[in-house]
Amino acid sequence: MNYLAHIYLSGDNNLVTIGNFIADGIKGSDYKNFSKDLKIGILLHRHIDTFTDAHKTVRMSTKRLHEKYGHYSGVIVDILYDHFLAKNWKNYSKIPLDEYVDTFYDLLEEHLEILPQPIKHMMPYMISGNWLLSYVSIEGIQKVLEGMNRRTKNRSQMNLAINELQEFYDEFESEFTSFFNELIESSNKKLRELNMKFV
């Protein structure tokens with residue numbers, strides 16, 4: 001899953017949310033160097049990634065892209081699924097999406113001192129480009145895919161995946177909806193386990 005889903009699945013604890021958000025940059029057992037709530041967020045992030053990568057419905061989505069995009073298919077599906085989360089946000093949260101993402105940006109700025117350097121570098125671009133809100137539209141997803149393609153020096157051709165999104169839109173959306181309900185349940189269970197573990 002991509003940024004928006006990870007943030008959403010963190011629950012109401014701000015530091016768990018921060019931990020989840022920075023987790024990609026925390027390797028191996030380095031998570032042990034962090035405070036309890038940040039640890040929980042980092043380990044929750046890893047659970048979400050493992051659950052997602054192994055899920056049969058997600059594999060249906062990635063299989064549709066694999067011939068053309070190879071090992072980048074999973075990254076593309078993560079981005080597409082964030083689009084469907086943003087588009088159908090009212091089904092998952094009572095807080096309007098624009099208000100929710102503004103609160104998250106404020107949270108990042110409030111905890112700037114604990115963010116790893118790569119996140120600090122990325123943050124201004126994320127906020128000025130309002131990445132999380134941009135996921136709502138196909139145009140916004142197109143920009144994200146173009147940015148990811150530039151990062152791979154155009155090797156991935158991920159920018160072209162907007163074509164598959166439009167061609168198989170209903171299929172991707174149906175797969176996301178089915179999968180995400182299971183992911184919410186699994187993440188909530190993991191969050192309870194981690195909170196008990198780190199009492």
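This is a predicted model: local features need pLDDT of at least 70, side-chain atom pairs count only at pLDDT 80 or more; totals for chains, interfaces and linings use all residues.
His6 belongs to helix 1, which spans residues 3-8. With a relative accessible area of 4%, His6 is buried, since the term applies to values under 20%. Apart from its neighbours within four places in sequence, His6 is in contact with Met1, Asn20, His45, Ile48 and Asp49.

The salt bridges come next. The model has four of them by the rule applied here. In one, the side chains of Arg64 and Glu175 meet at 2.7 Å, taken from N to O. This pair links distant parts of the chain: Arg64 is in helix 4 (residues 56-69) and Glu175 is in helix 11 (residues 169-197), 111 residues apart. Arg64 is partly exposed, at 27% relative accessibility, whereas Glu175 is buried, at 8%.

Another salt bridge joins the side chains of Glu164 and Lys68, with an N to O distance of 3.4 Å. Because Glu164 lies in helix 10 (residues 162-167) and Lys68 in helix 4, this pair ties together parts that are 96 residues apart in sequence. Glu164 counts as buried, its relative accessibility being 11%, while Lys68 is partly exposed, with a relative accessible area of 48%.

A further salt bridge lies within a helix. Glu193 pairs with Lys190, and their closest N and O atoms are 4.0 Å apart. Both residues lie in helix 11, three residues apart, or about one turn of the helix. Glu193 is partly exposed, with 38% relative accessibility, and Lys190 also counts as partly exposed, at 24%.

Note on methods: Residues are numbered from 1 along each chain as its sequence is written. Side-chain values use heavy atoms; hydrogens and water are left out. Helices (H or I, at least four residues) and strands (E, at least two) are DSSP runs, numbered from the N terminus. Buried means under 20% relative accessible area, exposed over 50%, partly exposed in between (1.4 Å probe, protein chains only). Contact means heavy atoms within 4.5 Å.
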